[in-house]
Amino acid sequence: FGGDPGLLVLCYKIWALMFLGRLDQAAQVSERVRAELPGHGHAPTFALCNLFAATWPELLIGDFDACERHSAEIIAYCAERKLEQQRRRAVILHACARAMREPTQENIAASRAAMDAEHRSGTRVFDSVVIFSKLGEALLASGDVSGAETTLQEGFAFVEQFGQRFWLADLHRVDGQIALKRAEPDRARAEACFLRAVDIARSQEARLLELRAATDLARLWRDTGSHNDPRALLEP
């Protein structure tokens with residue numbers, strides 16, 4: 001159990017830098033962490049840092065091929081070293097990346113099953129991103145608008161209950177995407193969702209999520225011939 005605090009604290013720094021939109025700086029810290037791992041003798045630290053300094057950031061920025069490939073390596077490592085907790089988390093990231101890359105019913109079900117296994121252990125580390133945001137997006141891509149909407153509502157209830165707000169802006173962004181995919185697209189609701197996502201991201205200084213929401217909002221304004229200026233929204 002546990003891990004080298006000198007390395008794990010840097011993993012949290014990577015996350016913070018990513019949310020602030022400083023992806024180049026986050027990549028530099030990630031390289032620093034991974035450079036120290038080959039000679040590290042503590043197996044849980046090796047697994048944790050590979051998960052949190054490399055594979056998890058790959059999922060957050062949408063590099064699903066790399067996330068799937070690296071999480072498979074961690075799964076094999078953890079199975080060999082009998083690190084069950086980190087193996088389960090690597091399985092979650094692997095299943096989520098595959099579902100995002102190929103949103104088939106089978107892959108979506110595998111992602112949900114991986115999260116269910118984690119919940120049975122008593123932890124809910126990745127819920128905001130994997131289950132409620134990424135799974136919602138995968139369901140939407142598969143054409144299951146109703147399933148995506150149900151998943152997002154679960155997500156908002158989860159945030160309300162547990163206070164895991166770091167991915168809340170993206171939940172609202174996905175909610176806006178759902179509004180546009182209904183049989184009768186609700187563009188007014190979509191705009192409200194995107195604006196809400198932008199506001200939340202700005203309040204957290206989460207530039208990564210602000211840019212995503214602003215991009216969706218700008219695209220909506222363009223497609224609907226809005227008098228709002230997409231360039232003024234995106235340039236900052």
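What follows is a short chat about the predicted model shown above.

Visitor: What kind of model is this, and how are residues numbered?
Guide: This is a predicted model: local features need pLDDT of at least 70, side-chain atom pairs count only at pLDDT 80 or more, and totals for chains, interfaces and linings use all residues. Residues are numbered from 1 along each chain as its sequence is written, and side-chain values use heavy atoms, with hydrogens and water left out.

Visitor: Start with the core. How many residues are in the largest nonpolar one?
Guide: The largest nonpolar core holds 65 residues. A nonpolar core here is a set of buried Ala, Val, Leu, Ile, Met, Phe, Trp, Tyr and Cys residues joined through side-chain atoms within 4.5 Å. Buried means under 20% relative accessible area, exposed means over 50%, and partly exposed is in between (1.4 Å probe, protein chains only).

Visitor: Which residues have the most contacts inside it?
Guide: Ile14, Phe52, Trp56, Leu59, Leu93 and Val130.

Visitor: And which helix gives the most to this core?
Guide: Helix α3, residues 43-61, with 10 residues. Helices are DSSP runs (H or I, at least four residues), numbered from the N terminus.

Visitor: What does Phe52 touch?
Guide: Leaving aside neighbours within four places in sequence, Phe52 is in contact with Cys11, Trp15, Pro57, Arg89 and Phe126. Contact means heavy atoms within 4.5 Å.

Visitor: What about a second core?
Guide: A separate core of 12 residues includes Ala179, Ala190, Val198 and Ala214.

Visitor: Ser30 next. Buried or exposed?
Guide: Ser30 is buried, with a relative accessible area of 5%. Ser30 lies in helix α2, residues 23-36. Not counting residues up to four places away in sequence, Ser30 touches Ile14, Ala53 and Ala54. Ile14 is also among the residues with the most contacts inside the largest core.

Visitor: Switching to salt bridges. How many are there in the whole structure?
Guide: A search finds 20. A salt bridge is a side-chain nitrogen of Lys or Arg within 4 Å of a carboxyl oxygen of Asp or Glu.

Visitor: Which residue does Arg98 pair with?
Guide: Glu68, at 2.7 Å from N to O. Arg98 lies in helix α5 and Glu68 in helix α4, so the pair ties together parts that are 30 residues apart in sequence.

Visitor: How accessible are those two?
Guide: Arg98 is partly exposed at 34%. Glu68 is buried at 8%.

Visitor: Where do Arg219 and Asp216 lie?
Guide: Both lie in helix α11, 3 residues apart, about one turn of the helix. Arg219 is partly exposed, with a relative accessible area of 38%. Asp216 is buried at 9%.

Visitor: Which residues share that network?
Guide: Salt bridges with shared partners join Lys134, Glu137, Asp170, Arg173, Asp216 and Arg219 into one network.

Visitor: What does Glu102 pair with?
Guide: Arg101, with the closest N and O atoms 2.9 Å apart. Glu102 is partly exposed at 38%. Arg101 is partly exposed at 34%.

Visitor: Backbone now. Which phi value does Lys82 have?
Guide: Lys82 has a positive phi of about 60 degrees, although it is not a glycine. Lys82 sits in the loop between α4 (64-81) and α5 (84-101). At 75% relative accessibility, Lys82 is exposed.

Visitor: And Glu205?
Guide: Glu205 has a positive phi of about 55 degrees and is not a glycine. Glu205 is in the loop between α10 (187-204) and α11 (207-224). Glu205 is exposed, at 54% relative accessibility.

Visitor: Last topic: how do α7 and α8 pack?
Guide: The axes of α7 (residues 127-142) and α8 (residues 145-162) come within 8 Å and cross at roughly 165 degrees. Axes are lines fitted to C-alpha atoms, for helices over the stretch in contact, and angles run from 0 to 180 degrees between N-to-C directions.

Visitor: Parallel or antiparallel?
Guide: Roughly antiparallel. That label applies to angles over 145 degrees; under 35 is roughly parallel, 65 to 115 roughly perpendicular, and the rest oblique.

Visitor: Which residues make the contact?
Guide: From α7, they include Ile131, Phe132, Leu135 and Leu139. From α8, they include Ala148, Leu152, Phe158 and Val159.

Key: Helix = DSSP H or I, 4+ residues; strand = E, 2+ residues; numbered from the N terminus.
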